[in-house]
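Colleague: I would like to go through this model piece by piece. Shall we start at the ligand?

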Amino acid sequence: MSADVQLDEVWIRFGDFVAARDINISIRQGEFFSFLGPSGCGKTTLLRAVSGFLQPSQGRVSIGGRDMAGIGPNKRPTALIFQNLALFPLMTVWENITFALEVRGAGRAARRKKAEELLELIALPGQGEKMVSELSGGQRQRVAIARALAAEPSVLLLDEPLSALDLKLRQHMRTELRAIQRRVGITFIYITHDQGEALTMSDHVAVMSHGVIEQVGDGNSIYNRPESAFVASFVGENNLFSGTVAATDDAYVTVDSPAGRLRARHAMRGGKAQLAAGDSAFVFVRPESLKFAAGASSASAEASSTEASSSTGALDNRIGARIHQQEFEGNFWQVFCDVDGVDKRVKLSMVNDGASMGRGPGEEVTLGFNADLAVALPQGELAAE
Amino acid sequence: MTPRFILTAERVRNGFAALFVLGFFAYLFGPLIIMGVTAFNSSAFPRMSPFECFTVEWFDVLANDAKLVEGLRNSLFIGVGVVLLAVPLGLSGALMLTQVKERVRPWYYTIVISPILVPGVVLGISTLLFWDRIGTMFGASRDSIFYDGFFLTIIGQATFISAYTMLVFISRLQRFDVSQEEAALDLGATHVQTFRKILLPFLKPAILSAAVLAFLASFENYNTTVFTIVSESTLTTFLAGKVRHGINPSISALAVIIVVITLLGAALHEVLKRREAAAEKETARIAAGELARRRRVKPFALEPAVLLIALVFVAGLGSAYFAGTIGVEECKAQVKAEKIRQAQERTRQREAKAMFQNAPAASEAAGQQIQSTDKSERAGVSQFQGIFDVGNLKDQAGADDGGDGAAQQSPLGTENFNPIFAPQNLSPPIDSSGDNRNDNRSDGDNRNDNRGGDQ
Ligand SMILES: Nc1ncnc2c1ncn2[C@@H]1O[C@H](COP(=O)(O)OP(=O)(O)OP(=O)(O)O)[C@@H](O)[C@H]1O
Ligand SMILES: [Mg+2]
């Protein structure tokens, strides 16, 4: 059985510190929903409010349409997988897994049977008699999942359950988790600060920063249509040009930056335009959206890049740059360029199509990108590197 | 070419370090060793030299001392009572500490820990008075529970012993991962189930050590017990009384037994700890995949260390018993003959001296002894003559509580000093000297003596 989860105007305060600020989220039943955000942004705090370890200072948490105020964690239809797993070290694996049944008074035989089923599910058959300390990290992870599933929750809450694992095991467990979720069909609320994890597994992702939900959407919209500077800088890699808005309409914004006049998509937030002429703005361009433009750049081409775009017909924006360094990554070339007036080196990713790059450090080049592949956003806090 | 010993700074440092360690161990274990030796010396007063005859008779004396056995039994009973009371109290105190608000915590801690800082004597007296008040309030008779020595002692000792046990629990609880409790709750357990299935198993080792600690603390307690025990006696109060009324090496024998039991316990504990560590290592290797499955654990009794301990213990016991029972009587007879001979010798010498010197020197001799604080002189056997003989002590009770220290304070000659501390002499001052009276009053033990006498 699955249930939906609804957070309405939830605030959580610790003294003067606000750990969650006006959170409004609705999670549909049976979906895989992720909270993504840097360390300390309040993800665990929100999860604890859902599981009942913490009462929101204000607002409403409801699960399956029922208001959860005053209902303790042991009465909620949720099961939490803790950041540190919190397996019971003094119990064997099967006792751990069937703890939820034990406290409900299930007999030993029934518990053993259920344990075998779940051990099968997590691919650890016949390991029930081991102590938890005798398991490897990945195996413990799976036991924690089985233990939570044994409680037959409507909503499974996972607090960075894969953070302690090495990369390979982590990738394996991602697929496994997603498979388990499809099989049991209950709502998963997943917390992570790893964007790869969030994007690959989730139906929907909520990006958080400092206790505020910055954006909710599926992986595609989070990556391709960020609605705030924080999301654009936190999710994936982005080149940043700051400047002032020269002109704006509903679809595009023109920004005057030290790198020249740039044209980019106008990002809406909640259906509303965010920029007006004269505002400070950031233009974000992904490394894979940047191209080498044909022909050397000239001062005049830079100054009137919009006109140039119409003449070449291919690229809306052109920037003069100098190659600083190139890194060969097998399937990709990463090129770092200096642009006058831009602090951080601009990064460009090119698919290695077998042809040699034919360029070297120190060479003057022209970079270009299409306005549709760049986004202009109001200046705001950026994610830490 | 013979290698020459070169004195380097490092060698000197090491030498000093070794010397220090030796000295430290001598300081720690010297008294125990001396005590151990006296338990096997046939001399009627516990002493190491002269070593007269090797004997185990003091163990017999110990076993046949009915009052001592009764005191021991009472001590055990009270110890168990204190464990039953102090462990749950300490546990709840420690749990409470984790529950109270951060701001209140230091205050709470200070309050619950304060019984440790209050002198045991004060605890004893206040327990006595408090329950007396309560008893009076209910109009209870003198043989009701409010005046029962066992009840009062258990309650009185538990007041501070539960603070000890609380410390044990606090240190264990500090290592408790609260998320385990939360995990249990999250899986649907009630708070009671969480306590029983998660917290209690985690605290089990701490409960054991708190119980042992509480028992030992109760067993060896004197300060509080001496007030609360009323008309009963425990091992400690009995021993204290015995020290005052004449001591024999059966006390050393008791000490030897306690030391041996402690050593055995410590050795056992060490063995268990090593086994646990080994098991843990194996667990880690299983988790790492180096080991397919757990090796069968050797039965505890077959552990080499255990065997060795048992062997040494049995062999020691056996040889001590044989050496201590065979030929003791002949040896004693010899020693006695020798003593008589020496005594005769001394009398002869004294008589000879008396013939040369005449009487008036008596008071002068006393004066001289005041000034002479030279240790060797005070310790000189010939001067003390028979002070330390049990026979003498019996009719001069009280003098034994640290003859040396008392002698130093006493402005009087040794010969006169003996009876001062005898209780019967206390009320009428034997001497007009105010100093002397103060001396007596400041001596805590003597006061106790008085109190004991009044009851
Ligand atoms: N009990 C508490 N009292 C006071 N402040 C708290 C408490 N719990 C959390 N906080 C604060 O709330 C903020 C959010 O904490 P939270 O544990 O939710 O972060 P998180 O997003 O889960 O981080 P991480 O990814 O590191 O786990 C932090 O700044 C933390 O210091
Ligand atoms: Mg967290």
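Colleague: How far is an oxygen atom of ligand 1 from an N or O atom in the side chain of Glu160(A)?
Modeller: This is a predicted model, so local features need pLDDT of at least 70 and side-chain atom pairs pLDDT 80 or more, while totals for chains, interfaces and linings use all residues. Residues are numbered from 1 along each chain as its sequence is written, chains are lettered from A and ligands numbered from 1 in the order written, and side-chain values use heavy atoms, without hydrogens and water. A polar contact is a pair of N or O atoms within 3.5 Å; within protein, one must be able to donate a hydrogen and the other to accept it, and sequence-adjacent residues count only if both atoms are side-chain atoms. For Glu160(A) and ligand 1, the distance is 2.8 Å.

Colleague: How much of the accessible area of ligand 1 does the protein cover?
Modeller: Accessible areas come from the Shrake-Rupley method with a 1.4 Å probe; for residues, only the protein chains shown count as cover. On its own, ligand 1 has 640 Å². The protein covers 60%.

Colleague: Which residues are closest to ligand 1?
Modeller: A residue is near if one of its heavy atoms lies within 4 Å. The shell holds 13 residues. Polar side-chain atoms of Ser39(A) and Thr45(A) each lie 2.5 Å from an oxygen atom of ligand 1. The closest are Ser39(A), Gly40(A), Thr44(A), Thr45(A) and Glu160(A).

Colleague: Which element gives the largest share of the shell?
Modeller: Helices (H or I, at least four residues) and strands (E, at least two) are DSSP runs, numbered from the N terminus. Strand S2 (17–27) and helix H1 (43–51) of chain A each supply at least two shell residues. The largest share, three residues, comes from H1(A).

Colleague: How many of the residues of H1(A) are buried?
Modeller: Buried means under 20% relative accessible area, exposed over 50%, partly exposed in between (1.4 Å probe, protein chains only). Among the buried residues are Lys43(A), Thr45(A) and Leu46(A). Gly52(A), with a positive phi near 100°, follows the helix. In H1(A), the buried count is seven of nine.

Colleague: Which residues have the most contacts inside the largest nonpolar core?
Modeller: A nonpolar core is a set of buried Ala, Val, Leu, Ile, Met, Phe, Trp, Tyr and Cys residues joined through side-chain atoms within 4.5 Å. The largest has 73 residues. Helix H8 (residues 191–220) of chain B gives the most to this core, with nine residues. Those with the most contacts are Ile25(A), Phe35(A) and Phe99(A).

Colleague: How many residues are in the other core, apart from that one?
Modeller: It includes Leu124(A), Ala144(A), Leu149(A) and Ile180(A). Its size is 31 residues.

Colleague: Is Leu367(A) buried or exposed?
Modeller: Leu367(A) sits in strand S21 (residues 364–369) of chain A. Contact means heavy atoms within 4.5 Å. Leaving aside neighbours within four places in sequence, its contacts include Leu290(A), Phe292(A), Ile319(A) and Val346(A). Because its relative accessibility is 0%, Leu367(A) counts as buried.

Colleague: What about Gln141(A), buried or exposed?
Modeller: Gln141(A) lies in helix H5 (residues 137–150) of chain A. Beyond four places in sequence, Leu85(A), Pro161(A) and Met173(A) are among its contacts. Its relative accessibility is 2%, so Gln141(A) counts as buried.

Colleague: What is the phi of Leu85(A)?
Modeller: Leu85(A) lies in the loop between strand S6 (78–81) and helix H2 (93–97) of chain A. At 12% relative accessibility, Leu85(A) counts as buried. The residue is not a glycine, yet phi is positive, near 70°.

Colleague: And is Glu152(A) buried or exposed?
Modeller: Glu152(A) is in the loop between H5 and strand S7 (155–159) of chain A. Its phi is positive, about 50°, although it is not a glycine. With a relative accessible area of 55%, Glu152(A) is exposed.

Colleague: Last one: what percentage of the residues of chain A count as buried?
Modeller: Chain A has 11 helices and 22 strands. Its accessible surface comes to about 16,600 Å², with 49% belonging to carbon and sulfur atoms. Of its 385 residues, the buried share is 53%.
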